[in-house]
Amino acid sequence: LCAWPPPGGRRGLSRPGSARRRLAALVAMGPDPVLEAALTQLAALSADPDTARPEAVGSVCMQIARWADGHGSTATALAFAQGAAMASPADASAGLLAGSLARKLGERARAETWLRRTIVLGRRNGDRLSLFQACLVLGEMQAERGDVEAARGLFLRAFRGARRSGFREIKAQALHGLFQLAAQGGRPDDADVYARSTLHAFGRRHPRVPQVARDIGTFWLERGKYAEALSALRLLLPYARRPVDRVEALAAVARAAAGARNEEVFDEAAAEALQLLRRTPPEELKSRPLLDLARGAAEMQRWESAERAAQLALDAAVRS
């Protein structure tokens, strides 16, 4: 991974008149004002590369990379993020962005190279935020690869560092990663501990609460820990606004409430779910929430409701 050349070694990077031609092209295109401002600044910097400060080049490249990523141009974003990292080789955050974008594009080897570089730079330069974020992303990649021990080590490093440094977001994400490893790796007792810590770390208003609550609630539901599952799954309800999402959340809550012998919550959740189901076209019905309703109704000995939900689940499975 080469760096921006030092002064005296940048001759030939820009031809005479090239900056003027770039500016004329920009005026003709009329791009987004945010992008136009960044590209204009980059054109001005490239007009005299010998005097351009690497930090300024890196900063502009990062602005363009983030703009491109936000507008769905991931490959362009990666090119400029790599440019930023090479222009400012001491900037760990640029390498983190490059690694994350490479992962998004499925370029695992490139992503791992940038992320490991970020970890080294973050430790060397004191950029703990980039360091722990890189540990998280690399840990997720190792988990996907099946290297559980490497993933656990990276998540633990992110968790411990974030706890010491007060990075609550990273701490919560690391705990979620540790929970998933334990749940999938047949360590239910460890998973229980991480599950509780994860829910506490994220709180009730974090954007990732639906995913986290679903993961943890389903885990507890499958283990027969119905009271714990109910407390997690009820966190889904404020976020489940689309009818199909709300039916799934309500059905899971109803099943957990039945197992916990909470008749009041079961009746409320099941009634709302059935009301929504009556307005749902048959071809849009999914078998999983219907099975949850059937199991919950059977647990509560509501045999007629259980039979009806089970038949609807069978019909939905046959159609799919």
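This is a predicted model: local features need pLDDT of at least 70, side-chain atom pairs count only at pLDDT 80 or more; totals for chains, interfaces and linings use all residues.
I began with the lining of the largest pocket, whose residues divide into seven nonpolar, four polar and five charged; here Ala, Val, Leu, Ile, Met, Phe, Trp, Tyr, Cys and Pro count as nonpolar, Asp, Glu, Lys and Arg as charged, and the others, Gly among them, as polar. Residues are numbered from 1 along each chain as its sequence is written, and side-chain values use heavy atoms, with hydrogens and water left out.

**The largest pocket**

I looked up the volume of the largest pocket and found about 320 Å³. A pocket is an open set of points on a 1 Å grid over the protein atoms alone, where a 1.4 Å probe fits, with protein on both sides within 12 Å along at least five of seven lines, and lining residues have an atom within 4 Å of a point. Grid points are joined across faces, edges and corners, and the volume is the space filled by probe spheres set on the points.

Which residues lie nearest the centre of the largest pocket? Of the 16 residues that line the pocket, these are Leu96, Leu97, Ser100, Gln133 and Val137. I then traced the lining to its helices and found that H3 (54–70), H5 (92–104), H7 and H9 (168–184) each supply at least two residues, with H5 giving the largest share, six residues.

**The chain as a whole**

I recorded 16 helices and zero strands for the chain, where helices (H or I, at least four residues) and strands (E, at least two) are DSSP runs numbered from the N terminus. Of its 320 residues, 43% count as buried, buried being under 20% relative accessible area, exposed over 50% and partly exposed in between (1.4 Å probe, protein chains only). Among contacts (heavy atoms within 4.5 Å) between residues at least 6 apart in sequence, 56% join residues at least 24 apart.

I turned to Ser130, which lies in helix H7 (residues 128–145) and is buried, with a relative accessible area of 3%. Beyond the residues up to four places away in sequence, Ser130 touches Ala92, Ser93, Leu96 and Thr118.

Ala77, in helix H4 (residues 74–87), is buried with a relative accessible area of 0%. With residues up to four places away in sequence again not counted, I listed Ala65, Ala68, Asp69 and Leu101 as touching Ala77. I also checked Ala77 against Ala98, 21 residues apart in sequence, and read a C-alpha to C-alpha distance of 8.2 Å.

Leaving aside neighbours within four places in sequence, I found Arg157 in contact with Ile119, Arg123, Leu131, Phe132 and Cys135; the C-alpha atoms of Arg157 and Leu131, 26 residues apart along the chain, are separated by 9.7 Å.

**The buried side of H12**

In helix H12 (residues 226–233) I noted Ala229, Leu230, Ala232 and Leu233 as the buried residues. They cover an arc of only 165° around the axis, which puts them on the same side of H12, the arc being that of the directions from the helix axis to the C-beta atoms. What covers these buried residues includes helices H10 (188–202), H11 (209–222), H13 (243–259) and H14 (263–278).

**An aromatic pair**

The structure holds two aromatic pairs, a pair being rings of Phe, Tyr and Trp (its six-membered ring) with centres within 6.5 Å, counted as stacked when the planes are under 30 degrees apart, edge-to-face when over 60 and tilted for the rest. One of them joins Phe179 and Phe219, whose ring centres are 5.4 Å apart and whose planes stand at 85°, so the pair is edge-to-face. Phe179 lies in helix H9 and Phe219 in helix H11, so the pair ties together parts that are 40 residues apart in sequence. I found Phe179 buried at 2% relative accessibility and Phe219 buried at 11%.

**Positive phi in two loops**

Lastly I looked at Arg261, which has a positive phi of about 60° although it is not a glycine, and placed Arg261 in the loop between H13 and H14. Gln301, also a residue other than glycine, has a positive phi near 60°; Gln301 lies in the loop between helix H15 (287–299) and helix H16 (303–319) and is exposed, with a relative accessible area of 57%.
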